[in-house]
Amino acid sequence: MATTPPTDSLRMLPQVEETLRAPELRALETIMERSVLADCVREAIGDLRRRILAGERPCADASEAARAAVEGAVARALACLRPSLRRVVNATGVVVHTNLGRSPLPEEAVRAVADVARGYSTLEYDVGSMARGSRHDHVERLVCALTGAEAAIAVNNNAAAVMMVLSEFARDREAVVSRGELVEIGGSFRIPDIMELSGALMREVGTTNKTHLADYERALAPGTAMLLKVHPSNYRVVGFSESVGIPELRRIADEENARRGTAQGGRDGVLLYEDQGSGALARLDCFGSYAEPTVAESLRAGCDLVSFSGDKLLGGPQAGIVAGSRELVGRLKRNPLARALRLDKMTLAALEATLRLYLDPARALKRVPVLRMLSEPAEAVRERAERLARMMREGVPEGWARIEVVPETARAGGGALPLCDIGTYAVRVGFARGCAQGCEEFLVKRREVPVVARISKQAVLFDARTLADDDLPEVASAVRAYFEEMAAAEKGEGAGA
Ligand SMILES: *Cc1c(COP(=O)(O)O)cnc(C)c1O
């Protein structure tokens with residue numbers, strides 16, 4: 001068989017104008033700008049050209065090429081119309097899943113967002129004095145009530161909070177930090193890099209596994225601005241390791257400040273700042289000794305400032321909160337970075353509503369989805385898994401798959417409780433027809449609401465801990481759709497043979 005040289009194949013590619021005249025694209029012109037459609041056509045033809053030049057043979061003749069160009073352009077146009085950021089079902093068992101949007105918001109927060117988003121709000125208006133107010137006020141009182149801090153400020157995220165604190169208090173001065181805490185959190189947040197960017201001079205002490213109080217004491221010098229503690233998040237040195245607690249660091253900071261004749265946290269004093277990361281407001285007793293320290297505990301232990309995320313263990317919107325003394329937080333509020341990193345009204349509304357739930361910790365455990373998922377007893381998770389398994393068995397032909405409920409391990413995610421295996425139950429689908437990879441891909445790529453699950457040993461696992469009751473029908477019909485499509489494809493092949 002003679003192969004057509006690429007240059008000949010390229011000649012069968014259609015023109016842009018000619019492709020735009022196809023009825024499908026004419027129809028789309030009623031809802032989309034023609035120039036956007038023309039770009040879609042150009043991309044589709046460009047794609048065919050690339051494939052031909054790469055030695056593929058995407059179409060046999062000019063009419064097939066014209067068809068392929070129209071189909072490619074329509075697919076691109078439809079992709080523009082579909083939201084890119086959309087809901088997915090999280091069946092991974094990772095509760096605070098950064099790739100899937102971290103914390104689902106409490107219903108109260110969702111309603112608060114919709115309320116202020118739709119119209120005007122008291123964002124910077126104080127109804128008491130009927131004068132200009134501060135956007136910081138909406139969450140400050142709540143953070144103070146919940147942590148015992150005198151003052152607080154919330155910014156874009158915790159990375160921004162760390163940056164702002166270092167830049168305000170340690171620019172061109174030394175911040176002392178243990179080598180065991182120079183961590184990378186993921187998503188390119190590395191403590192040494194953020195310190196450099198902030199202008200703080202990093203003074204590393206100790207070793208990767210062990211840092212002693214004497215290491216900090218030796219590093220203290222007249223130019224020291226700060227003792228920095230960083231929660232190691234999803235990283236732990238276990239075994240022969242040692243780190244210094246907040247009360248001891250408080251003591252040596254006080255001694256240094258006494259030598260300098262400055263008050264705790266004063267302008268020329270040494271201050272003690274902890275980047276706590278996950279931000280636990282309530283103590284999760286269900287995790288025993290794994291439970292993360294709470295913000296209030298760190299402040300009580302002696303930190304001048306503590307910063308933490310809004311969308312990790314706290315279970316609210318993306319935000320970074322700094323809590324501490326009135327004087328220090330006041331300086332942060334006046335820092336130009338606070339303006340650059342400030343929160344918008346929707347995030348403030350969500351954060352305020354989430355924080356308000358914590359006023360009653362028992363209610364927070366029920367109403368904040370992250371807390372509810374983390375603290376749900378394994379038996380309740382098993383019951384949900386059983387229900388999902390029953391729904392799946394109803395839809396999948398007998399003998400095609402083995403559907404069973406199995407004990408598994410869930411994760412908190414977001415750098416919280418990294419060593420804690422959270423007992424959970426998952427529906428395990430093993431395949432007699434089809435395969436785990438094919439099913440996983442179908443569930444993500446072919447569904448209006450993608451279902452993100454996990455593959456283990458040639459089976460797909462659907463962890464019921466991160467599934468809501470409302471998700472179950474969606475997951476079951478997605479799995480059924482996979483098997484139906486496979487059956488249809490096999491029948492098609494059978495008919496063609
Ligand atoms: C997650 C984390 C951060 C970054 O917080 P974001 O809210 O994601 O910006 C900073 N420090 C620590 C210790 C963390 O765990």
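**Two open sheets in a predicted model**

When I say strands pair, I mean DSSP finds at least two bridges between them. Strands are DSSP runs of E with at least two residues, helices are runs of H or I with at least four, and both are numbered from the N terminus. Within that pairing, Ala151 sits opposite Gly324 of β13.

Before I go on, some housekeeping: this is a predicted model, so local features need pLDDT of at least 70, side-chain atom pairs count only at pLDDT 80 or more, and totals for chains, interfaces and linings use all residues. Residues are numbered from 1 along each chain as its sequence is written, and side-chain values use heavy atoms, with hydrogens and water left out.

So, which sheet does β5 belong to? It's an open sheet of seven strands, in the order β5-β13-β12-β11-β10-β6-β9, and the pairing is mixed. The edges are β5 (151-155) and β9 (201-205), each with a single partner strand, so one side of each has no neighbour in the sheet. From one strand to the next, the twist averages 20 degrees. For angles, axes are lines fitted to C-alpha atoms, for helices over the stretch in contact, and the values run from 0 to 180 degrees between N-to-C directions.

Now the helices on that sheet. Helix α7, residues 137-147, packs on the sheet and touches β5 and β13, with its direction about 120 degrees from that of β5. Contact here means heavy atoms within 4.5 Å. Helix α11, residues 246-260, packs there as well, touching β10 (224-230) and β11 (271-277), and its direction makes about 175 degrees with that of β10.

On to the other sheet I want to show. This open sheet has five strands, ordered β2-β14-β15-β18-β17, again with mixed pairing. At its edges are β2 (94-96) and β17 (454-456), each pairing on one side only. Here the twist averages 40 degrees from one strand to the next.

β17 runs antiparallel to β18, residues 459-463, and three bridges join them. Arg454 has Leu461 as its bridge partner in β18. Helix α18 (residues 378-395) packs on this sheet, touching β14 (401-413), β15 (422-431) and β18, and its direction makes about 15 degrees with that of β15. Helix α19 (residues 436-445) touches β15, β17 and β18, and its direction is about 45 degrees from that of β18.

β2 and β14 are parallel, with two bridges, and Val96 has Gly413 as its partner in β14. β14 and β15 run antiparallel and are joined by ten bridges; one of the partner pairs there is Val405 with Val427 of β15.

Zooming out to finish: the protein has 20 helices and 18 strands, and its C-alpha atoms fill a box of roughly 90 × 55 × 55 Å along the principal axes. How many of the residues are buried? Of the 497, 49% are, where buried means under 20% relative accessible area with a 1.4 Å probe, protein chains only. And of the contacts between residues at least 6 apart in sequence, 74% join residues at least 24 apart.

Definitions and conventions: Buried means under 20% relative accessible area, exposed over 50%, partly exposed in between (1.4 Å probe, protein chains only).
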